[in-house]
Amino acid sequence: MPVTRSFALEDYEQEQFGIRNENFLTKALKHTSWNAKTFAATNTITDLAPLLVITFAGYQVISGNLTMGTMVAFVGYMERVYSPLRRLINSSTTLTQSIASIDRVFELMNEKYDIVDKENAIKLGRVDGTIDMENVLFQYDEEEAYVLKNINLSVEKGETIALVGMSGGGKSTLISLIPRFYDVTDGSIKVDGMDIRDVNARSLRNNIGMVLQDNTLFSESIAVNIRMGNPNATDEEVIAAAKAANAHDFIISLPYGYDTQVGERGVKLSGGQKQRIAIARVFLKNPPILIFDEATSALDLESEHTIQEAMEKLASDRTTFIVAHRLATITHADRIVVIEHGEIQEIGSHDELMRLKGSYYELYQVQDLDAI
C-alpha cells in the first residue's frame with residue numbers, strides 16, 4: 001500500500017486487479033453454472049424415477065402380479081441407492097478441485113531437501129566453537145561460476161571475525177555455509193575438527209545463533225517470539241534474555257508488556273525493537289557460535305548503538321562472525337577478513353589493515369570514518 005500510494009498507482013493497480021479478477025470471475029461463473037446444471041439434472045431424474053416406479057409397481061400390485069411388501073422393499077432400496085448417487089454427483093466439481101489441490105500438496109511433499117544428512121551422521125552436543133575452512137569452493141549451480149574460491153580460514157574458540165567487502169563479494173554466502181544452508185562444492189568446513197557434512201544438520205544448527213538484517217518475527221506475543229530461542233524457557237529466563245538484549249525497558253512500556261502481539265512479521269514494532277527481540281532469543285538459545293549478518297545496517301545511529309552494545313555482550317566468549325558494511329561497527333573484531341570476488345584479499349586487525357593501506361584502507365577512506 002505505501003508503494004502504491006507514494007507512486008500514485010491506484011488507477012493502474014485497479015486496472016491490473018480488474019484484469020486478473022475478470023479471469024477469476026469467468027471461471028467462478030462457469031463453475032457455478034456447471035454445479036446448477038448437474039444439480040438440476042440429478043434431482044430431476046432421482047425425483048421422477050421413484051414416481052414412475054411407484055406408479056408401475058402400484059399397477060402390478062393391483063393386478064396381482066406383485067406383492068405390496070416387494071413394492072415397498074424395492075422403493076426403499078431405490079432411496080438407499082439414489083441418496084449416495086445424488087451426493088456423489090453434486091460433489092463431482094468439489095472432487096475435481098480437490099484433485100488439483102492434492103497435486104500441489106504432493107508436489108510440495110515430494111520436493112527433495114537441499115541438505116540431506118548422511119545415514120551415519122554424528123549428532124553433535126555442545127561444541128567449543130573452533131572452525132576451520134579448508135580450500136572451500138562454492139557455486140549455486142553447476143553451470144554457474146564459483147561464488148567462493150579457495151577460502152582458507154581458521155577461527156579459534158571465542159574469536160570475533162568480521163567479514164567486509166563490496167556487495168556481491170560472497171560474505172553472506174560464506175556464513176550461510178557454516179549452518180549448512182548450503183553444502184560446499186569442494187573443500188571442507190570443520191567444527192571442532194569434524195566435517196560439518198558428517199554431522200546431523202539440526203544438531204549443528206543448535207550450536208549456532210543468527211541475527212540477520214531482516215529478522216522474521218511471528219504473529220504472536222513478544223514472549224513467544226523470544227522463546228523461539230528455547231521453547232521450554234521460564235518467564236524469568238525470557239525476561240533475563242530481554243534485559244541482556246536491552247529490550248526489557250521498551251517491552252514493559254507496551255500496553256500488554258511481554259504479551260503484546262507483534263503482528264505479521266513484527267509490523268507493530270520498529271526496526272530497532274525487532275532486532276533487540278531477535279538478539280534476545282539468541283541470548284535465550286545461548287549458542288557457542290554466533291553469526292551477525294548486517295544486523296544493524298538498516299537502523300538509525302541511536303538504535304545501532306543500543307543494539308551494538310547488546311551484540312558485544314552476546315559475543316563475549318563466543319565464536320562470532322560479523323558481516324558488516326559500516327566499518328565503524330567492526331573495528332573491535334579480533335580479525336577482519338576482506339572478501340572480494342569470492343576470494344580472501346586481506347586478513348588482519350583494524351590497525352594492521354590500516355597500515356597495509358590495501359582494500360580495507362580504501363573502504364575505510366570511502367566511508368570517511370576518520371571524520372566522524
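Select β3 and strand β8 (residues 319-323): the two run parallel and are joined by four bridges. Strands count as paired if DSSP finds at least two bridges between them. Strands here are DSSP runs of E with at least two residues, helices are runs of H or I with at least four, and both are numbered from the N terminus. This is a predicted model, in which local features need pLDDT of at least 70, side-chain atom pairs count only at pLDDT 80 or more, and totals for chains, interfaces and linings use all residues. Residues are numbered from 1 along each chain as its sequence is written, and side-chain values use heavy atoms, with hydrogens and water left out.

**Around β3**

How many residues of β3 (residues 160-164) are buried? Five of its five are. Buried means under 20% relative accessible area, exposed means over 50%, and partly exposed lies in between (1.4 Å probe, protein chains only).

**The antiparallel sheet**

Next, select β2, β1, β4 and β5. These four strands form an open sheet in that order, with antiparallel pairing. Its edge strands, β2 (148-155) and β5 (194-195), each pair on one side only. Zoom in on strand β4 (residues 186-191), which makes two antiparallel bridges with β5. Pick Lys190 there: its bridge partner in β5 is Asp195.

**An aromatic cluster**

Show the rings of Phe138, Tyr140 and Tyr182, which form one aromatic cluster. Rings of Phe, Tyr and Trp (its six-membered ring) pair if their centres lie within 6.5 Å; planes under 30 degrees apart are stacked, over 60 edge-to-face, and the rest tilted. The count by this rule is four aromatic pairs. Phe138 and Tyr140 are edge-to-face because their planes meet at 80°, with ring centres 4.8 Å apart. Phe138 is buried at 3% relative accessible area, while Tyr140 is partly exposed at 42%.

Move on to Tyr140 and Tyr182. This pair is edge-to-face, 5.2 Å centre to centre, with 90° between the planes. Tyr140 sits in the loop between β1 (131-138) and β2, and Tyr182 in the loop between α5 (171-177) and β4, so the pair ties together parts 42 residues apart in sequence. Tyr182 is partly exposed, at 33%.

**The cores and α10**

Which residues have the most contacts inside the largest nonpolar core? Select Ile226, Ile251, Ile330 and Tyr360; this core has 45 residues. Helix α10 (residues 271-285) gives the largest share of this core, seven residues. A second, separate core has 29 residues, including Leu163, Val191, Ile289 and Phe321. A nonpolar core is a set of buried Ala, Val, Leu, Ile, Met, Phe, Trp, Tyr and Cys residues joined through side-chain atoms within 4.5 Å.

Centre on Ile226. Leaving out residues up to four places away in sequence, Ile226 touches Val238, Ala242, Ile251, Tyr258, Ile277, Ala280, Arg281 and Leu284. Contact means heavy atoms within 4.5 Å.

Finish on α10. This helix is largely enclosed by the rest of the structure, because 13 of its 15 residues are buried. From first C-alpha to last, α10 reaches 21 Å, close to the 21 Å expected at 1.5 Å a residue. The expected span is 1.5 Å times one less than the number of residues. Step past its end to Asn286, which has a positive phi, near 55°.
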